[in-house]
Amino acid sequence: MPRLGATMFSYKEERKRMNSRFHAAWAVSLIAMLVPPLCAEHFNIGVHDPVMIQQDGAYYVFGTGRGIAVFSSKDMKNWQSAKPVFAETPAWVARQFPKARDFWAPDIAEHNGTYYLYYAVSGFGSNNSAIGVATNRTLNPDSPDFRWVDHGMVLESVTGRDMFNAIDPNLAFDQQGVPWLSFGSFWSGIKIVKLNANLTEVALPEEWHTIAARDRLWKLEENDAGDELSGAIEAPFIFSRNGMYYLFVSWDRCCRGVNSTYKVVVGRSEKITGPYLSKEGAPMQMGGGSLVVGGNKNWPGVGHNSAYTFNGKDFLVFHGYDVSDNGRSKLWIQEMKWDANGWPNVELQ
Amino acid sequence: MHQKKLRFHISMLLCLLAGLFVVSTAFAQAGPPSQVPGQVPPVGGRGGAAPGGGGGRSGRGPQGPTTDPQVHDPVMAREGDTYYVFGTGITVQSSKDLKTWQPEPAPFSAAPEWYTKLFGATRFGQWAPDILLHNGTWYLYYAVSSFGRNFSAIGVATNTTLNSKDPNYKWVDRGMLVKSVPGRDMWNAIDPNVFIDQQGKAWMDFGSFWGGIKLLRLKDNLVEAAEPPEREWHTVAARERYWKLDEREAGDAANPDLKYDVIYPKEVLALDQKTENGAIEAPFVFQKNGWYYLFVSWDRCCRGVNSTYQIVVGRSKTPAGPYLDRLGHRMDWGGGELVVRGMPASRYAAGGHNAAYTFDGVDYLVFHAYDRTDNGRSKLVIRKIGWEEDWPVVTLEPQK
């Protein structure tokens with residue numbers, strides 16, 4: 001999702017430019033959804049910040065958009081657009097974010113028979129943001145039980161108060177079954193916070209950690225997200241494997257079409273609260289991270305991933321900006337291979 | 001290096017002892033911990049006596065009458081013909097002439113309910129109060145914290161009089177205004193200062209170390225933070241902090257919970273020990289001639305004669321800043337015009353943590369300073385403020 005700033009030139013101007021570009025991108029994306037899928041690993045559906053889940057033989061992808069975008073597929077290849085999660089904006093969002101149009105970068109998880117959908121509401125380039133959560137008993141819209149129930153705000157960030165941004169949530173459980181929400185960010189990096197067993201509230205006493213960060217020019221205005229020279233990190237996703245927690249994050253710039261520089265890096269830890277170390281042993285909260293997948297000639301920026309095991313195979317799900325289609329953001333689902341040292345690799349073809 | 005470490009540990013031990021003393025004062029009737037040593041001076045604050053500083057004798061809170069009162073983080077008020085100085089502890093002393101000071105009863109005999117709930121254990125001290133009269137009610141703001149950590153909160157109590165002999169004298173706890181949470185917040189909920197701006201809006205500035213001094217809007221009741229759409233937060237003063245420092249530490253390698261040699265490579269630890277690393281606290285806003293003056297203290301308090309505390313100032317036409325120093329440097333980018341610092345040959349090794357007031361048309365700077373002639377103990381200092389092109393000028397040496 002777009003969080004940007006600029007220190008070397010006019011921040012406001014840049015924001016305005018990106019804002020209109022972003023909205024234009026969205027309009028084009030909506031049109032792109034109507035075009036049938038073309039090839040195997042990436043799919044010609046316009047999606048941003050995809051997360052995925054499987055229920056009763058069907059796959060569902062959720063992404064950034066009006067009311068939260070939803071796609072479904074029987075085979076992970078042919079995707080159909082479905083009704084957004086929210087037909088009407090939840091009252092607390094309308095009250096606190098009267099100008100918000102899109103819900104950003106959701107996360108979907110099933111726990112004890114309930115589906116939890118976390119989402120973020122924010123202003124563009126602002127960290128006046130909040131993460132909310134809605135639940136459903138099924139993801140199948142044809143089921144009589146299908147009904148999204150919003151549970152309101154889980155946490156928020158306030159400009160001038162917080163050096164983080166309450167966006168890009170991801171739910172993960174530690175080995176003791178304790179739920180944690182990682183999220184963020186730009187500003188001073190990715191946070192993780194302990195949740196209550198109901199998965200909708202921050203647990204008391206509060207336990208917070210910064211688990212990944214990048215250097216940020218300390219004189220930036222506190223309403224400035226930073227840019228790729230300064231704190232460009234977001235979209236955390238924690239994946240457990242063989243007793244280790246893998247923290248994926250995206251570095252650099254999303255949302256600039258063919259000029260995007262987005263990439264996915266990873267680190268791992270024996271504790272869900274970190275420290276997460278790169279292959280070289282650099283702590284991610286001190287700027288460490290090992291590249292998992294980055295851009296190439298045809299896909300200059302790829303990122304904002306999630307990761308899943310479906311039918312015994314591990315997949316990295318992310319979006320990429322397609323040079324052959326004016327830099328539009330497309331869905332990628334790529335098998336994730338693990339090397340002998342337990343580090344993930346993903347090819348862009 | 002080894003010796004330094006040892007000194008650091010001794011300093012920490014003394015700090016903890018001093019902290020226990022502060023707690024024991026605050027909890028006198030709630031059952032103080034049995035191991036409290038009664039022989040630590042009432043310094044508190046970020047710790048207390050430094051090695052070679054004021055450790056040792058004669059500490060049972062303010063004693064008097066005295067013309068050389070001990071205090072940490074003083075603020076002042078006048079009611080009727082009596083001046084009151086509040087300090088870390090919370091301690092209170094009174095005077096009719098600003099020269100001879102009498103001890104007064106402590107405002108709190110037990111911890112407020114909210115803070116035992118929040119903090120549990122009793123190893124926390126009540127620090128650096130602020131006192132404000134508004135519409136006939138006295139507001140006493142204070143912080144609850146412990147050395148080197150930002151697990152802290154700011155609370156407030158109200159009273160209708162400061163005169164402990166008045167039958168209406170009674171401090172009423174009004175709860176918590178704001179808390180800081182380690183790992184969440186890059187600031188520390190300590191050192192509150194509340195003021196009403198020229199439009200009648202209430203603000204609280206506070207903090208900090210970490211990422212600097214915060215300012216937030218209060219509700220008109222002065223006991224709660226404003227809520228949206230009035231909610232407003234700003235960073236009004238800061239100093240550079242090395243970005244790789246662990247968020248659980250202030251910027252001075254002094255959180256006793258952290259194992260520094262484990263969490264940091266050598267070069268990070270070296271940067272952590274740089275004195276100026278985010279060392280900023282104790283804000284106070286003083287209004288004069290249409291200006292908001294923001295005073296803050298830089299560098300290190302609480303080390304007796306080894307303290308390096310100093311007071312700097314900046315000013316703004318609006319309460320939210322930016323506050324600029326005399327050269328035009330922004331205080332949130334490290335700017336600050338020097339007001340008070342200790343000199344090698346002077347009685348005071350260092351001074352800081354100020355407040356400022358106008359009494360009978362005279363402006364005063366009120367702060368504490370570490371007394372070389374008395375083992376580095378922290379003393380109350382009250383100095384007239386002179387003005388030079390609308391900038392405050394204060395002489396630390398005693399005025400004739």
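**Close-up views of a predicted two-chain model**

**Figure 1. A hairpin of β2 and β3 in chain A.** In the hairpin that β2(A) and β3(A) make, two residues sit between the strands, and A:Asp56 takes a positive phi near 50 degrees. Keep in mind as you look around that this is a predicted model. Strand β2 (residues 51–55) of chain A pairs with β3(A) in the antiparallel sense, over five bridges. To find your way along the pair, look for A:Ile53, which stands opposite A:Tyr60 in β3(A).

**Figure 2. Strand β3 of chain A and its pairing with β5.** Is strand β3 (residues 58–63) of chain A mostly covered or mostly open? Five of its six residues are buried, so this strand is mostly covered. β3(A) also pairs with strand β5 (residues 69–73) of chain A, again in the antiparallel sense and over five bridges. Here A:Gly63 has A:Ala69 as its bridge partner in β5(A).

**Figure 3. An open sheet of four strands in chain A.** Follow the strands in the order β1-β21-β20-β19 (chain A), and you have traced an open sheet with antiparallel pairing. Which strands stand at the edges? They are β1 (42–46) and β19 (302–310) of chain A; each has a single partner strand, so one side of each is left without a neighbour in the sheet. From one strand to the next, the twist averages 25 degrees. The partner of β19(A) shown here is strand β20 (residues 313–322) of chain A, and the two pair in the antiparallel sense over seven bridges. One pair to look for is A:Thr309 with its bridge partner A:Asp314 in β20(A).

**Figure 4. A:Asp227 in a loop of chain A.** You will find A:Asp227 in the loop between β14 (208–212) and β15 (233–241) of chain A. Why does this residue count as buried? Around A:Asp227 there are 22 other C-beta atoms within 10 Å, and a residue is buried if 20 or more lie within that distance. Now look for A:Trp187: it is 40 residues from A:Asp227 along the chain, and their C-alpha atoms are separated by 9.1 Å.

**Figure 5. Where chain A touches chain B.** Here 16 residues of chain A are in contact with 16 residues of chain B. On the chain A side, β14(A) gives the most, with three residues. The residues on this side divide into five nonpolar, five polar and six charged.

**Figure 6. Chain B as a whole.** Stepping back, chain B has four helices and 21 strands. Of its 400 residues, 52% count as buried.

Conventions: Residues are numbered from 1 along each chain as its sequence is written. Chains are lettered from A and ligands numbered from 1 in the order in which they are written. This is a predicted model: local features need pLDDT of at least 70, side-chain atom pairs count only at pLDDT 80 or more; totals for chains, interfaces and linings use all residues. A residue is buried if 20 or more other C-beta atoms lie within 10 Å of its own, exposed if 12 or fewer, and partly exposed in between; C-beta atoms are placed from the backbone. Two residues are in contact if their C-beta atoms, placed from the backbone, lie within 7 Å. Ala, Val, Leu, Ile, Met, Phe, Trp, Tyr, Cys and Pro count as nonpolar, Asp, Glu, Lys and Arg as charged, and the others, Gly among them, as polar. Two strands pair if DSSP finds at least two bridges between them. Axes are lines fitted to C-alpha atoms, for helices over the stretch in contact, and angles run from 0 to 180 degrees between N-to-C directions.
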